[in-house]
Amino acid sequence: MAVIEEISQDPIESKAPQQSQQQQQQQPNADEDGDVFFDSVDYEPEEYNRLLKEATDYKQKGNLHFAKGDYEQAIRHYEDALVLCPVSATKERAIYFGNITACHLKLTNYKDARDMATEALKLDPHYSKAILRRAQANEKMDTYSSLSDALEDYRTLAQQPDLDTHTKNECQRANKRLPPIIKERMEKEKEEMMGKLKDLGNTLLGKFGLSTDNFQMQQDPSTGSYSVNFVQR
């Protein structure tokens, strides 16, 4: 993404006066990508409104590309909108992040979709489309952790008033479908982890002429805790 820099409106002098402490404190910090965004305090109202309009124009261009199925180009326009949009315009910025989320879902970039939806929700925690899209992205990632997060989002979304029919149906479907799948994924991932631990254990114990078969785990029914017994083979 491009970098926006504020241009001084004061005439250039051969000997510029030293900046006041207040001016120095208003200098913005770059984010982790190196992009610089300015809050509304850095703009006169006319400039602020101009930037909002230009950001909206980029969003509309992105919408046109989205409708054509050109999701990569749509993302670029939504990112341009984010760069122009002042950071204090949280509702608008949340929408731009939400639109990028929709593009990544179409491109099956589910991790990116989840991350962009999370950025949108940092700005607008009640943004229903972002909650739904993050839930859909996590569901597609299909791990125990992501499915659990998806179900949590669906249940949070179901509590919101005035949901459209499609969103209500998605929440109801997920509430019925996901719990048994989450349990299945948990057992599967637990077995996979135990298998990896067993392989590692055999590698280490093999140096001593032993294997994990020499150790049996027994569960105490009363406490649920395990004890390990050595078995000579």
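The model is predicted: local features require pLDDT of at least 70 and side-chain atom pairs pLDDT 80 or more, while totals for chains, interfaces and linings use all residues. Residues are numbered from 1 along each chain as its sequence is written, and side-chain values use heavy atoms, without hydrogens and water.

Helices are DSSP runs of H or I with at least four residues, numbered from the N terminus.

| Helix | Residues |
|---|---|
| α2 | 45–68 |
| α5 | 110–123 |
| α6 | 128–141 |

The 24 residues of α2 should span 34 Å at 1.5 Å a residue, and the 35 Å between its end C-alpha atoms agrees with this; the expected span is 1.5 Å times one less than the number of residues. Buried residues (under 20% relative accessible area, 1.4 Å probe, protein chains only) of α2 are Y48, L51, L52, A55 and G62. These buried residues pack against α3 (71–84) and α4 (90–106). G69, with a positive phi near 85°, follows α2.

Helices α5 and α6 pack at about 155°, with axes 8 Å apart. Axes are lines fitted to C-alpha atoms over the stretch in contact, and angles run from 0 to 180 degrees between N-to-C directions. The pair is therefore roughly antiparallel (angles over 145 degrees).

N138 lies in α6 and counts as buried because its relative accessibility is 2%. Leaving aside residues up to four places away in sequence, N138 touches R114, S146, L147, D149 and A150, contact meaning heavy atoms within 4.5 Å.

Definitions and conventions: Helices (H or I, at least four residues) and strands (E, at least two) are DSSP runs, numbered from the N terminus. Buried means under 20% relative accessible area, exposed over 50%, partly exposed in between (1.4 Å probe, protein chains only). Angles under 35 degrees count as roughly parallel, over 145 as roughly antiparallel, 65 to 115 as roughly perpendicular and the rest as oblique.
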